[in-house]
Amino acid sequence: GKTFNGPAFWFLNATAVTGARLFSNIGGAPCTCCGCRYRGASRYVAESFRGCFDMECKAMVKVRETMGLTNVQLMVPFVRTVGEGKAVINRLAEDGLKQGENGLKVMMMCEIPSNCLLADEFLKVFDGFSIGSNDLTQLTLGLDRDSGLVANLFDERDPAVKMLLSMAISACKRTGKYVGICGQGPSDHIDLAQWLMEQGISSMSLNPDTVVDTWTHLAEVVAAGKSAQ
C-alpha cells in the first residue's frame with residue numbers, strides 16, 4: 001500500500017478508559033477513585049483482557065502493515081511500574097508489534113508520580129513520554145477533580161506537580177527522547193504553557209478555543225527573547 005504523506009507521526013492510545021467509565025458503560029457499579037483501578041497497562045497484560053487487546057493489536061498491525069501508515073505510533077497509558085511496562089512491550093511483540101521493527105515506536109503516558117520519579121528507568125523501556133497532566137495532578141495532590149468538595153485544589157501549577165513535570169521533561173531531553181503533554185493545563189493557564197516551553201517540551205495539546213492566543217503569546221515570548229540577545 002501507499003504510505004500516507006501526512007504528519008510526521010500520530011500517536012494511537014491503546015484503550016485507556018478508566019474503571020468508572022468501563023463499568024458504567026457495561027452496566028456495572030461505577031468506581032469513584034480517580035480512575036485508579038482496572039485500566040492501562042494492568043489490563044493489557046491481564047489474561048482476562050487478552051482477547052480484546054489482541055483485537056486492538058490486529059487493528060494496529062493492519063494500519064501499519066496493510067495500509068502502510070507507518071507514521072502511526074503506539075502510546076501505552078497508565079503504566080504503574082517498570083516491570084509492567086516491560087510486560088506490555090513483550091505482549092505487543094507477541095501480537096506482531098515489535099518495538100523498533102519497521103520504525104515502530106512505543107510511547108508511554110507519563111501520568112503517575114512513579115513515572116516521573118523513575119523517568120530514566122521507564123525511558124529504558126519506552127521511546128518517549130506524553131505527559132498526562134490531569135491524572136498526574138490528581139495523583140500528586142491526592143484529589144479527584146470531579147469532586148466538588150476538593151476540585152478547587154486542582155492546579156497543574158502546584159509546585160509539587162511542576163517538580164514532577166520538570167523531572168520527566170529533563171529525563172527525556174537528557175536521553176534524546178520525545179516528550180509532549182496532553183491535558184487541560186496549558187489551555188487553562190497560559191503561564192504554564194510558557195513554563196513548559198521554557199522547560200523544553202516538544203509539543204503540547206491545546207483546546208481549539210485557546211490555540212491562537214496561546215501560540216501568539218508563546219511566539220511573542222520567543223521573539224522578545226531573541227531581541228534581548
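**Figure 1. Strands β4 (128-132) and β5 (178-182) pair in the parallel sense over 5 bridges.** In this predicted model, local features need pLDDT of at least 70, side-chain atom pairs count only at pLDDT 80 or more, and totals for chains, interfaces and linings use all residues. Residues are numbered from 1 along each chain as its sequence is written, and side-chain values use heavy atoms, with hydrogens and water left out. Strands (E, at least two residues) and helices (H or I, at least four) are DSSP runs, numbered from the N terminus; two strands pair if DSSP finds at least two bridges between them. Ile131 stands opposite Ile181 in β5. Strand β5 is also joined by 2 bridges to strand β6 (residues 203-204), and these two strands run parallel. Here Ile181 stands opposite Met204 in β6. Because 4 of the 5 residues of β5 are buried, this strand is largely enclosed by the rest of the structure. Buried means under 20% relative accessible area, exposed means over 50%, and partly exposed lies in between (1.4 Å probe, protein chains only).

**Figure 2. Strand β3 (106-110) pairs with β2 (72-76) in the parallel sense.** The pairing of β2 and β3 extends over 3 bridges. The bridge partner of Val76 in β3 is Met108. With 5 of its 5 residues buried, β3 is largely enclosed by the rest of the structure. Both faces of β3 are covered: buried residues are Val106, Met108 and Cys110 on one side, and Met107 and Met109 on the other.

**Figure 3. Helix α7 (residues 133-141) crosses helix α8 (residues 159-175) at roughly 125°.** The two axes come within 9 Å, which makes α7 oblique to α8. Axes are lines fitted to C-alpha atoms, for helices over the stretch in contact, and angles run from 0 to 180 degrees between N-to-C directions. Angles under 35 degrees count as roughly parallel, over 145 as roughly antiparallel, 65 to 115 as roughly perpendicular and the rest as oblique. The crossing of α7 with α8 is right-handed; a crossing has this hand if the near helix is turned clockwise from the far one by less than a right angle, and is left-handed if anticlockwise. Leu136, Thr137, Thr140 and Leu141 of α7 meet Ala160, Val161, Leu164 and Leu165 of α8, where contact means heavy atoms within 4.5 Å. This contact of α7 with α8 comprises 6 nonpolar, 2 polar and no charged residues. Ala, Val, Leu, Ile, Met, Phe, Trp, Tyr, Cys and Pro count as nonpolar, Asp, Glu, Lys and Arg as charged, and the others, Gly among them, as polar.

Figure 4. The residues Ser133, Asn134, Asp135, Leu136, Thr137 and Gln138 of α7 are buried. Gly142 follows α7 and has a positive phi, near 65°.

**Figure 5. Helix α8 packs against helix α10 (residues 190-199).** The angle between α8 and α10 is about 30°, with their axes 10 Å apart; the two helices are therefore roughly parallel to each other. The crossing of α8 with α10 is right-handed. Lys162, Leu165, Ser166, Ile169 and Lys173 of α8 make the contact with Trp195, Leu196 and Gln199 of α10. By class, 4 residues of this contact are nonpolar, 2 are polar and 2 are charged.

**Figure 6. Helix α3 (residues 50-66) packs against α4 (82-94).** The packing angle of α3 and α4 is about 65°, and their axes lie 10 Å apart. The crossing of α3 and α4 is right-handed. Arg50, Phe53 and Cys57 of α3 form the contact with Arg91, Leu92 and Glu94 of α4. The contact of α3 with α4 has 3 nonpolar, no polar and 3 charged residues.

**Figure 7. Phe78 and Asn102 have positive phi values.** Most residues other than glycine have a negative phi. Phe78, with phi near 50°, is placed in the loop between β2 and α4. Phe78 is buried, at a relative accessible area of 4%. Asn102, with phi near 55°, is found in the loop between α4 and β3. Asn102 counts as partly exposed, at 42% relative accessibility.
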